[in-house]
Amino acid sequence: MMVTTIRRVLSILFCLLMAGLVASLAVGYFSSDGIQWIDAVRIVLLAASTAWLAWGAAYAFNGLLSLPLEPDERPFELVATNARTAVLVPVYNEDPVKTFSHVAAMIESTVSFGVAERFDFAILSDTRDEQVAEQEAHWFRRLRQEFGVQTNLYYRRREMNTGKKAGNVGDFIRTSGALYDYLLILDADSLMEASTMAEMVRRMDNDPKLGLLQTLPKIVHARSFFGRAMQFSTGYYSPIYTRGLAELQGNAGPFWGHNAIVRTRAFAQSCGLPELAGKPPFGGHILSHDYVEAALLARNGWTVRVDPDLNGSFEEGPDNVIDFAKRDRRWCQGNLQHSRVMVAPGLKPWSRFVFLQNIMAYVASPLWALFILASIAAPSLKGVPDYFPEPGSFPVFPRVEQGLALTLLVGVFGLLIGPKLLIVVRGAISGANARFGGTWRALLNTLTEILSTSLLAPIMLMFQCRAVLEVFSGMDGGWPATDREAGSVSLSEAWAASWWVSATGFVTLGFAFQFAPEYVSWLLLVAGPQVFAPLLIHISSWSASGRLKDADIFLTSADTHPSPVVLRQEAVLTRWRGEGKDAGGVAVEAPGNLTPAGLDR
Amino acid sequence: MTRVLEAGNGRLELDGFALPVAPMAMPEQVLERPRVRTAFFATILKRFAWK
């Protein structure tokens, strides 16, 4: 624990140091024509934003410095256990053919690994759409016919989806929890190798204080440029960031809501979530319940841990910016709601700090936007420089400190890009790059990812600013279903969703030309991509996974060494969809036939 | 609250796959502190209440 404390202190000191350095550089740059109140505002905003960037870099540095360089990749050994585990698959208006193919693949995996008798599978439906519910009933019957003999398989649908996913899992515990030592909580798009599931049970058996064990799920099945960039990001960078997180977590690690195992007794004892007083968005049900549950487990003395070496854990991600932003809107509301929870009695200080980070993850965007606004406004708000500070002497003209500005920019970007480049270096040393097409391929893909992130980040900044403003103005985003198979976005759809981002980019540049022409070239880095937001959203959503894969763009081990459970799921899904049978009176034809999430748009 | 999907049309036959019943209590946790102002005024009122 002492080492963890030292790491935490050093990481926080690093952030403060970076914020201080950037602030001092900014003082030098902004004071070329005299420091005024607007400069003080800019310096504070820049320092706060830099501290946040540095915190992300601190996770990476902790991960980069962690040993061993490569985790042990030997297959997990099968160890005897008497523990019973329920694999929970909460569903909410998702395509049942797709979801149940994931369950089928995991059942097959448990059978072939010889652990089928240890795991019961329970599909917990909160589906509100009756058409989807009928499909669920049909495909559950099909799942049972094919795989029900090999394992215990349950399905139930709640009449009301009280408490959303947390309520769904809670309802299972209140109904059936006493039968199971552990609950493996998944999402509708989760996949996990049976060997990983068995290893998680072994680790829970070995540590009676361990209340929750989280894996790092890798993204699979990405089809678009955007999706594959995220797949590369979670496959290549995230293990290092997660190792950093694991170094800092102590006993109060994270819970990301799925692909994690919990001790049923600990979870039941600690994680009954109340409704918060007041109305949404800040009151009502807790949306980002996972972090709250992790904090409550830690509060009751249970250990919560993420083990980055637990491979064989997968999920799917959004394939376009709009779906990403939709999910982000929900997370934003949930994370800002943490401001109500972070003062809860008895929480560990680190849990409170984690809540602060969750809030900062979304507040950072408005801080950057305010910094840009203040920078445009600054020249107009400042007085005329005093060219004759000493009467009778020669005039003194303001110095334009372009060198300082460049240092500032390099420093801020360095916090974003530096860790990613260092991950390539570490991969070259450890040999990890071999799974990503070698060091040169990994470097090229890293640079491509950095370029695409640089173009899309200013657009995401605007979506996040809007989300934060909506939450603070009392708008409840609700609980839209996730359409994990929504593919490409047409230009007209992209325009409808992001014309206002484009307009903001134009207005920003217009004001900059008028009031702060010296900043136009800098602002182009942000406002430029915003102007072209619809086009960038459209292009980045193109479904071109085959061509991108062929060209080794964003190559990951998901392409070179696909996991058996992923291949099983693809085979089942292809077979089921190929049959195109009538399902409860509703035709099931093509993959796109049932797009429940589309109904919520 | 829990309901197994009813086999309205007689084809679904899901009742046999209802969740096994083995309830476990899940007490609601305290997340919010009592409002300090209310508690403060309540204390003051109690102190100055007629004996």
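Between chain A and chain B, 11 residue pairs are in polar contact, both residues of each pair being at pLDDT 80 or more; a polar contact here is a pair of N or O atoms within 3.5 Å, where within protein one must be able to donate a hydrogen and the other to accept it, and residues adjacent in sequence count only if both atoms are side-chain atoms. The model is a predicted one, in which local features need pLDDT of at least 70 and side-chain atom pairs count only at pLDDT 80 or more, while totals for chains, interfaces and linings use all residues. For orientation, residues are numbered from 1 along each chain as its sequence is written, chains are lettered from A in the order in which they are written, and side-chain values use heavy atoms, with hydrogens and water left out.

On the chain A side, β2 (119-125), α4 (130-147), β3 (152-158), α5 (164-176), α8 (264-270), α9 (289-299) and α10 (321-341) each supply at least two of the residues that touch chain B. These elements are DSSP runs, numbered from the N terminus, with helices (H or I) of at least four residues and strands (E) of at least two. Helix α5(A) gives the largest share of this side, 7 residues. By residue class, the chain A side divides into 27 nonpolar, 12 polar and 13 charged residues; Ala, Val, Leu, Ile, Met, Phe, Trp, Tyr, Cys and Pro count as nonpolar, Asp, Glu, Lys and Arg as charged, and the others, Gly among them, as polar.

In total, 52 residues of chain A are in contact with 25 residues of chain B, contact meaning heavy atoms within 4.5 Å. The two chains bury about 3500 Å² between them, 60% of it on carbon and sulfur atoms. Buried area is the accessible area (1.4 Å probe) that two parts lose on being put together, summed over both.

Salt bridges come next. Side chains of opposite charge can pair when their charged atoms come close. A salt bridge is counted when a side-chain nitrogen of Lys or Arg lies within 4 Å of a carboxyl oxygen of Asp or Glu. The whole structure holds 24 of them over all chains. Within chain A, the side chains of A:Arg223 and A:Asp319 meet in one, at 3.1 Å from N to O. A:Arg223 lies in the loop between β7 (218-219) and α7 (225-249) and A:Asp319 in the loop between β10 (313-315) and α10, so this pair ties together parts of chain A that are 96 residues apart in sequence. A:Arg223 is partly exposed, at 27% relative accessible area, whereas A:Asp319 is buried at 3%; buried means under 20%, exposed over 50%, and partly exposed in between (1.4 Å probe, protein chains only).

Between chain A and chain B the count is 1 salt bridge, in which the side chains of A:Arg340 and B:Glu32 meet at 2.2 Å, N to O. Both partners are partly exposed, A:Arg340 with a relative accessible area of 24% and B:Glu32 with 27%.

A further pair in chain A is formed by the side chains of A:Glu449 and A:Lys420, at 3.1 Å from N to O. A:Glu449 belongs to helix α13 (residues 439-472) and A:Lys420 to helix α12 (residues 402-430), so the bridge ties together parts 29 residues apart in sequence. A:Glu449 is buried, with a relative accessible area of 5%, and A:Lys420 also counts as buried, at 13%. Elsewhere, salt bridges that share partners join A:Glu199, A:Arg202, A:Arg203, A:Asp207, A:Arg305, A:Asp307 and A:Asp309 into one network.
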